[in-house]
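I am opening my notebook to record what I looked up in this structure, one topic at a time.

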Amino acid sequence: MPLELITIPCLDDNYAFVIANPDTKEAALIDVPDAAPINATLARTDYRLTTVLLTHHHWDHIDGLPDLDGHEALTIIGAQADKHRLPALDIAVVEGDIVTLCGEEAHVLDVSGHTIGHIAIHLPASKLAFTADSLMAMGCGRLFEGTPDQMWGSMLKLRRLPDDTQVCSGHEYTTSNAEFALDLEPDNPDIISRMSDIAATRAAGNPTVPSLLGLEKQTNPFLRADDPALMAAIGMTGDDPKSVFAEIRGRKDRF
């Protein structure tokens with residue numbers, strides 16, 4: 001049985017995610033922007049939080065940790081490369097490590113770019129990937145520390161995951177990301193269709209994340225820097241995809 005996924009809006013536009021095993025009642029949390037909505041959500045369930053996984057060191061992903069109910073007893077997992085900037089870790093991981101979350105194998109990916117040492121977690125059995133501020137719905141994180149080459153490499157790692165993977169990203173930026181994608185390719189019917197769906201979802205007051213990776217591969221420009229159609233649309237036919245990615249990321253920064 002797949003793990004249950006609970007998406008929790010936090011702060012102005014952040015998301016935290018709880019995964020839980022319905023049989024054992026064990027739960028794990030990915031990122032802690034703000035404790036109050038997480039504590040309130042868990043209090044409405046019969047799940048027992050045992051583990052917190054931190055994707056990267058930015059304050060809006062870790063600052064809620066001290067106020068989590070029962071935080072002293074939780075197992076904290078994070079990147080070895082980010083250990084000096086994260087709360088005290090019980091388990092420090094590197095790319096290729098496999099940890100157990102709620103009884104299921106979770107694979108660690110280094111997706112540096114937004115920050116150095118940013119990790120993503122893929123749970124193949126439940127078809128979930130927690131990507132925080134690396135791959136986002138219709139976008140990717142701003143490059144605060146890494147290079148375009150690094151981030152393109154991270155996008156390729158995530159693009160290799162199965163199409164039916166749910167991408168659990170860290171922010172509700174999807175509307176502005178979609179507007180940028182349409183600005184690049186104003187006649188792309190897939191993007192036009194997705195923009196309509198996003199507008200309806202937000203009008204109903206619902207999150208646009210998680211999103212299906214197959215849909216991201218089809219419509220997210222940051223996964224498509226080697227797509228001839230996108231290259232042509234921005235006047236970079238035949239260029240190195242790394243250069244195309246850098247151009248797209250630069251345009252988004254100025255958008």
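This is a predicted model: local features need pLDDT of at least 70, side-chain atom pairs count only at pLDDT 80 or more; totals for chains, interfaces and linings use all residues.

**Entry 1**

I call a residue buried under 20% relative accessible area, exposed over 50%, and partly exposed in between (1.4 Å probe, protein chains only).

Residues are numbered from 1 along each chain as its sequence is written, and side-chain values use heavy atoms, with hydrogens and water left out.

I then asked what M155 is in contact with, leaving aside its neighbours within four places in sequence. The list is S134, L135, C140, F222, L223 and F245, where contact means heavy atoms within 4.5 Å. I also wrote down a general point: in soluble globular proteins, nonpolar side chains tend to be buried together.

**Entry 2: the sheet**

I followed an open sheet of 6 strands, which has mixed pairing and the order β7-β8-β9-β10-β13-β14. Two strands pair if DSSP finds at least two bridges between them. The edge strands are β7 and β14 (211–212), each of which pairs on one side only.

Starting at β7, I saw that residues 98–101 of this strand pair with residues 104–110 of β8 in the antiparallel sense over 4 bridges, and that L101 stands opposite E104. The hairpin of β7 and β8 has 2 residues between the strands, and C102 takes a positive phi near 55 degrees there. Moving on, I found that β8 and β9 (residues 119–123) run antiparallel and are joined by 4 bridges. V108 has I121 as its bridge partner in β9, and D110 stands opposite I119.

**Entry 3: three residues in loops**

Is T55 buried or exposed? T55 counts as buried because its relative accessibility is 1%, and its place is in the loop between β4 (48–53) and α2 (59–62). Its side chain joins that of H56 through a polar contact of 2.9 Å. A polar contact is a pair of N or O atoms within 3.5 Å; within protein, one must be able to donate a hydrogen and the other to accept it, and residues adjacent in sequence count only if both atoms are side-chain atoms. Not counting residues up to four places away in sequence, T55 touches several others, including I30, D31 and A132.

T208, in the loop between α5 (189–203) and β14, is also listed as buried, because its relative accessible area is 12%. I recorded two polar contacts for its side chain, one of 2.7 Å with the side chain of E172 and one of 2.5 Å with the side chain of T174.

D226 lies in the loop between α6 (213–219) and α7, and D226 is partly exposed because its relative accessible area is 32%. The side chains of D226 and R159 are joined by a polar contact of 2.8 Å. The C-alpha atoms of D226 and D239 are separated by 8.6 Å, although these residues are 13 residues apart along the chain.

**Entry 4: the cavity**

Which residues line the largest cavity? I listed Y15, F17, I30, D31, T55, F130, A132, C168, S169 and G170. Two or more lining residues come from each of β2 (14–20), β10 (128–132) and β13 (166–169). On a 1 Å grid over the protein atoms alone, a cavity is a set of points where a 1.4 Å probe fits but cannot get out, and lining residues have an atom within 4 Å of a point.

How values were computed: On a 1 Å grid over the protein atoms alone, a cavity is a set of points where a 1.4 Å probe fits but cannot get out, and a pocket is an open set with protein on both sides within 12 Å along at least five of seven lines; lining residues have an atom within 4 Å of a point.
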